[in-house]
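Subject: Handing over the structure

Dear colleague,

Here is the structure I promised to pass on to you, and my notes on it follow directly below. Please read them with the model open beside you.

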Amino acid sequence: MPTTKMHPDRLFPSDPATRDIARELYAAVADAPICSPHGHVPASLLADNEPFASPTELLITGDHYVTRVLHGAGIPLSTVQAPAGEPAVDPREAWRVLAAHWHLFRATPVQYWLEYQLGEVFGVTTRLSAETADAVYDEVDEKLRDEAFRPRALFERFGVDVLATTDDPADDLAAHRALAADPSFAGRVLPTFRADRVMDPSAPGWLAAVDRLAAASGIPCDTYEGLLAALRARRAFFRSVGGTSSDTGVPDAWAIPLDPAEAARIHHAAFRGRATAAEGVAYRRDILYRLIEMAADDGMVMQLHPGVHRNHHAPTLARHGADTGHDMPLPTGFTEPLRQALNDFGTGTALRLVLFTVDETAFSRELAPLAGFYPSVYVGAPWWFLDTPDAMERYRRAITDSAGFAKTSGFIDDTRAFCSIPARHDMARRADASYLASLVATHRLTEADAAEIAVELVSRIPYDTFRIPR
Amino acid sequence: MPTTKMHPDRLFPSDPATRDIARELYAAVADAPICSPHGHVPASLLADNEPFASPTELLITGDHYVTRVLHGAGIPLSTVQAPAGEPAVDPREAWRVLAAHWHLFRATPVQYWLEYQLGEVFGVTTRLSAETADAVYDEVDEKLRDEAFRPRALFERFGVDVLATTDDPADDLAAHRALAADPSFAGRVLPTFRADRVMDPSAPGWLAAVDRLAAASGIPCDTYEGLLAALRARRAFFRSVGGTSSDTGVPDAWAIPLDPAEAARIHHAAFRGRATAAEGVAYRRDILYRLIEMAADDGMVMQLHPGVHRNHHAPTLARHGADTGHDMPLPTGFTEPLRQALNDFGTGTALRLVLFTVDETAFSRELAPLAGFYPSVYVGAPWWFLDTPDAMERYRRAITDSAGFAKTSGFIDDTRAFCSIPARHDMARRADASYLASLVATHRLTEADAAEIAVELVSRIPYDTFRIPR
Amino acid sequence: MPTTKMHPDRLFPSDPATRDIARELYAAVADAPICSPHGHVPASLLADNEPFASPTELLITGDHYVTRVLHGAGIPLSTVQAPAGEPAVDPREAWRVLAAHWHLFRATPVQYWLEYQLGEVFGVTTRLSAETADAVYDEVDEKLRDEAFRPRALFERFGVDVLATTDDPADDLAAHRALAADPSFAGRVLPTFRADRVMDPSAPGWLAAVDRLAAASGIPCDTYEGLLAALRARRAFFRSVGGTSSDTGVPDAWAIPLDPAEAARIHHAAFRGRATAAEGVAYRRDILYRLIEMAADDGMVMQLHPGVHRNHHAPTLARHGADTGHDMPLPTGFTEPLRQALNDFGTGTALRLVLFTVDETAFSRELAPLAGFYPSVYVGAPWWFLDTPDAMERYRRAITDSAGFAKTSGFIDDTRAFCSIPARHDMARRADASYLASLVATHRLTEADAAEIAVELVSRIPYDTFRIPR
């Protein structure tokens with residue numbers, strides 16, 4: 001019977017001499033603590049430390065990496081994940097759907113991560129299939145009732161040192177504060193300031209988000225200046241709870257300041273529900289500029305990931321909500337869009353801009369050249385759609401030539417699936433070891449330098465990039 | 001003397017362990033029947049079953065893959081292919097030109113295909129060169145007079161099960177019907193509905209094409225609604241003759257419905273020869289939307305390949321006609337251009353959209369993410385300019401992560417050169433075996449799964465993708 | 001103690017069988033003379049033959065490949081290179097800065113080139129580091145006082161046969177003429193005509209550049225026709241001094257002729273300092289068309305490299321001048337922008353257009369298809385940001401399929417750093433040997449053909465491409 005036992009040499013180069021080098025480089029970082037400076041696990045998961053409800057909730061529900069593949073094969077989303085507002089699906093039935101379609105995931109990173117979780121985290125030795133679905137479900141389900149599989153125990157077992165979350169500016173960060181105050185919890189869970197919802201005044205939900213921001217900050221946001229002041233205040237609050245960075249997702253990277261009077265005019269119109277789409281774009285690009293300006297002032301690391309068309313399929317958005325697998329990458333530019341901001345703030349010491357892309361053509365053409373020159377610019381790890389062994393190799397081969405290793409961010413897992421954290425970090429460590437090994441094998445890097453870099457990539461680099469104290 | 005004998009391990013990875021795996025995976029599919037769901041061999045070739053006129057007609061004339069390389073090296077097209085309306089070139093002279101310039105093709109897929117044809121199809125053991133030109137010509141020429149080298153005999157020897165052609169909506173499909181009715185012909189030759197000529201009313205030839213469509217369908221096309229009705233009628237006719245898919249080539253993928261009154265207005269203006277270029281674009285994008293709508297209704301698989309600037313060099317078009325080697329790829333988007341159509345029809349069960357690109361940046365950025373989510377979207381095989389071992393590997397490495405294998409189309413040969421069909425399918429099978437072997441060697445796929453996928457890629461997948469009965 | 005001794009197998013594939021082939025292919029070209037048809041070493045360096053002032057001047061100052069990496073790491077440019085108009089930095093201090101940050105260059109081509117220069121050119125066996133900075137400095141500095149390390153001696157030792165420079169149309173080419181007339185100098189130093197400064201009449205410096213052109217040519221340039229006549233005259237002068245090619249760098253490749261009256265109107269406005277930015281663009285695109293027209297007339301090879309945003313960071317431009325590491329690549333098109341010019345001149349025998357890109361997506365999508373069809377079009381070697389072993393491999397894998405080897409330019413080093421010339425050519429020869437070896441190992445090319453190609457790539461091809469007599 002096929003098993004999920006993962007091969008110790010997985011992802012290493014097939015050439016024996018290069019593989020030997022990769023093995024050695026990997027061995028030195030395999031068990032290093034995990035620094036996860038960008039992700040979507042909620043802090044409450046660890047604060048509450050409740051058992052996971054079921055294998056399905058843990059491994060399928062809400063993980064659009066998994067559900068989109070099923071959807072793409074013609075399986076309605078509602079089979080594995082209830083529409084918004086409807087009762088949850090039967091977890092065992094949803095699990096059976098995944099198991100029966102396991103072949104769809106062959107050779108994908110999703111299969112790799114899930115097999116890692118089943119095999120390495122839960123010790124399941126049976127391979128998932130329609131036939132074994134129930135047995136595997138039961139085996140995981142039983143483990144989940146064990147104290148050792150509660151979030152905090154797993155956090156510790158995974159060796160997570162730092163876990164950053166993603167949070168609305170109006171969030172009270174109660175869970176973060178509780179964890180920080182809890183002497184029984186040794187890890188660090190840091191908030192990340194994400195103000196996307198207040199950027200586009202022509203988008204639904206803008207006014208509500210602005211109202212929440214005003215309430216949270218105690219600063220009226222009915223003026224443009226008020227909004228900026230409230231954002232500054234909440235950034236300070238995030239920092240007071242340990243936050244070191246912000247995260248911003250926008251359709252494009254244009255950061256163009258408006259004349260304050262024009263910004264105020266649009267803000268005012270938006271408050272009356274009258275901002276046009278064009279005004280929304282202009283305002284959003286102004287706010288992006290202002291966020292960069294704030295980062296150049298307060299030193300919060302600014303993560304920026306433009307170029308995603310959110311919610312491409314309106315009917316799915318209406319029925320299932322956002323983050324359900326139909327966000328789509330777009331061609332993405334950085335060099336022109338960020339020029340003004342980089343001219344104004346790009347060589348100062350406070351600004352740190354970590355640029356992520358879902359359009360890999362930007363790697364060698366824009367991101368590496370920008371990071372190569374501007375001290376403020378770092379190239380974010382290959383993420384979303386590119387968080388795979390092959391794309392990680394393409395990333396390194398496109399970036400190192402112009403920007404080396406020191407201007408790359410270190411790995412981020414960007415995951416909503418808690419147990420995929422070690423799977424994803426392990427994949428990245430193997431991918432980097434393989435890349436470094438290929439450089440050693442072709443005599444472009446000494447083995448000693450490669451060993452040093454492999455260690456830095458999981459230690460100094462992510463902490464320094466995200467200004468997380470060590 | 002150098003020979004054309006091809007190495008049995010050609011295209012397999014050089015790493016010995018990986019090569020062994022590739023060999024085994026390939027062995028299981030090497031002799032599998034050929035399903036060719038997209039190509040440009042005319043049905044009449046098989047219906048008439050006349051001998052090929054000469055080695056030149058068979059291997060050079062009309063194959064822009066071959067003639068463009070010669071042209072690019074400064075050899076006038078007219079040396080190897082007569083201008084439109086002029087008497088044919090001397091075939092032996094043209095052959096000598098190719099032979100004398102054989103070095104231009106070193107390491108190109110064209111050389112690979114031609115050497116396959118000479119060596120594997122015609123048993124030529126002498127390598128082509130200026131010195132051997134006449135001897136090789138004579139050897140092939142003699143074979144062509146043999147019954148065993150007539151089209152039907154070759155069709156059978158190549159193991160072709162299904163061959164799809166490309167046909168104008170007004171075509172009477174007489175050759176297809178004759179073949180289907182002929183008990184002595186066991187293969188299947190299926191028409192493909194290609195309505196490009198009636199899409200842009202500002203283009204020369206639109207009115208003539210619409211007139212032919214009206215005549216063929218018996219439906220007056222002097223109105224926009226008439227044109228749509230005629231297209232629907234001809235699609236039904238194509239299906240009645242076994243057609244399962246349509247093919248559409250457009251400069252861009254924008255599919256935007258017009259208000260019917262506006263479409264009717266442009267249609268009317270075009271009938272008086274007064275459609276502007278801008279109206280031509282708007283109308284063409286409307287028709288693309290309507291074709292998707294029809295496909296969502298009648299279930300014909302819709303192949304779409306946008307992004308080619310046809311006939312880049314006007315003087316060559318004037319002298320030699322279309323398809324003479326100067327069609328050029330353009331940057332190509334899919335995510336925004338197809339959004340409305342995918343919102344309207346993309347999750348239904350009838351629509352199947354096979355998207356091809358000549359801009360490989362779309363692989364990981366647009367095609368894999370779209371196919372990963374939308375059940376209707378499949379990623380077409382790497383074709384035209386990308387139908388090569390290296391590009392096939394880049395395709396798989398860019399696509400598999402987000403869309404697996406099940407949402408890829410299976411290989412299409414897209415060829416006008418009849419004897420290149422087995423050469424091209426063999427290349428694709430070797431390329432896929434090599435890719436799969438690399439996944440096995442790096443422990444990302446079990447050998448059993450790889451073997452299953454290799455077989456599916458040449459059996460279930462092309463038939464299912466193109467809805468061809470097995 | 002680590003040394004800079006380079007491994008004899010560096011850059012060769014790690015697979016032993018493939019490496020053996022690469023070794024053999026490389027051995028045949030390792031010591032071939034260097035043809036450098038595009039670079040930025042001034043002719044006066046060789047005409048004057050003065051000793052290099054210091055290791056810093058030789059290896060750091062003015063080499064933006066080196067200084068940008070330091071700047072990107074937060075080290076002010078002024079630490080290693082004085083601002084314009086200020087006294088030079090202390091060379092030993094600047095050297096120490098480089099040495100102390102040597103780790104930033106790990107695995108980059110810059111480290112490779114510098115280690116080649118230190119080890120192979122200067123025989124330094126100590127590896128650079130903060131600790132060894134002074135010792136290495138002293139060792140190189142001492143060598144520089146030796147006759148054997150003067151420019152001409154190095155030129156000879158490097159085996160340079162042809163070195164092309166880059167020169168303003170108004171340059172009197174005195175140094176070139178002196179070298180040509182000097183019986184003691186056996187090499188050839190050829191001027192390259194670069195008229196960028198007179199293309200955009202809205203740019204600062206246009207009028208001064210036009211005035212210099214008028215003075216040099218003796219043709220008044222206060223009219224558009226005068227400017228064109230002056231350019232033609234200076235091209236003839238460059239040819240008379242051995243120049244065979246021109247070089248043009250523009251933000252985009254659009255070449256669109258203006259109505260001469262409109263061009264004259266803009267020219268006239270520009271003379272009064274009143275050309276708008278839009279007029280500047282239209283005029284620049286007209287001049288690009290006229291330069292292609294001239295090349296189609298006088299047969300000077302036209303090098304074109306569009307797609308760079310020059311001087312992205314205005315404060316650095318103001319303080320340090322141009323070419324200081326903040327030129328940034330942009331998305332770049334060729335197929336549409338050059339269509340009209342290629343329709344008008346692209347199939348003639350006089351025009352030769354060598355197209356370079358900093359956007360590697362153009363390789364397979366635009367450059368290889370254009371070069372595959374148009375006899376006038378050649379694909380320039382991967383340069384700037386792409387002049388690295390990995391990018392060279394991507395280039396070959398993207399280009400060969402559609403354009404073979406014969407339509408590629410041969411390597412160009414494009415360097416300002418004199419001693420990096422052999423380092424860069426050696427890197428390219430190893431990269432090509434490795435690529436060819438991989439084709440041989442996968443049976444896509446015979447070993448005999450590979451050997452022939454390897455030799456052609458460093459002999460016939462660069463001379464023929466750039467029309468340099470042999």
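A residue is called buried when its relative accessible area is under 20%, exposed when it is over 50%, and partly exposed in between, with a 1.4 Å probe and protein chains only. This is a predicted model, in which local features need pLDDT of at least 70 and side-chain atom pairs count only at pLDDT 80 or more, while totals for chains, interfaces and linings use all residues. Residues are numbered from 1 along each chain as its sequence is written, chains are lettered from A and ligands numbered from 1 in the order in which they are written, and side-chain values use heavy atoms, with hydrogens and water left out.

**Salt bridges**

A salt bridge here is a side-chain nitrogen of Lys or Arg within 4 Å of a carboxyl oxygen of Asp or Glu, and by this rule the count over all chains comes to 120. One of them pairs C:D323 with C:R416 at 3.6 Å, N to O. C:D323 sits in the loop between helix 14 (314-320) and strand 8 (328-329) of chain C, and C:R416 in the loop between helix 17 (389-403) and helix 18 (420-441), so this pair ties together parts that are 93 residues apart in sequence. Helices (H or I, at least four residues) and strands (E, at least two) are DSSP runs, numbered from the N terminus. C:D323 is partly exposed at 30% relative accessibility, and C:R416 is also partly exposed, with 34%.

Another salt bridge joins B:D252 to B:R284, with the closest N and O atoms 3.0 Å apart; B:D252 belongs to the loop between strand 5 (245-250) and helix 12 (260-271) of chain B and B:R284 to helix 13 (residues 277-298), so the parts tied together are 32 residues apart in sequence. Both B:D252 and B:R284 are buried.

**Chain A against chain B**

Taking contact to mean heavy atoms within 4.5 Å, 43 residues of chain A are in contact with 39 residues of chain B. The buried area, which is the accessible area (1.4 Å probe) that two parts lose on being put together, summed over both, is about 3400 Å² for chain A and chain B, with 55% of it on carbon and sulfur atoms. A:R106, A:A107 and A:H312 supply 21% of the area that chain A buries against chain B, more than any other three residues.

Six salt bridges are counted between chain A and chain B. In one of these, A:R106 pairs with B:E452, the closest N and O atoms being 3.2 Å apart. A further salt bridge links B:D449 and A:R127 at 2.9 Å between the closest N and O atoms, and this pair crosses from helix 19 (residues 447-458) of chain B to the loop between helix 6 (109-121) and helix 7 (133-144) of chain A. B:D449 is buried, with a relative accessible area of 9%, and A:R127 is likewise buried, at 13%.

**Chain A against chain C**

On this side, 39 residues of chain A are in contact with 43 residues of chain C, and the two chains bury about 3400 Å² between them, 55% of it on carbon and sulfur atoms. A:R365, A:F373 and A:D401 supply 21% of the area that chain A buries against chain C, more than any other three residues. The count of salt bridges between chain A and chain C is six, and the side chains of A:E456 and C:R106 meet in a salt bridge of 3.4 Å, N to O.

**The two domains of chain A**

With bounds that come from an automatic or database domain assignment, chain A is divided into domain 1 (37-48 + 157-388 + 399-425 + 444-465) and domain 2 (51-149). Their centres, taken over C-alpha atoms, are separated by 29 Å, and 23 residues of domain 1 of chain A are in contact with 23 residues of domain 2 of chain A. The area buried between these domains is about 2000 Å², of which carbon and sulfur atoms give 59%, and the count of salt bridges between domain 1 of chain A and domain 2 of chain A is zero.
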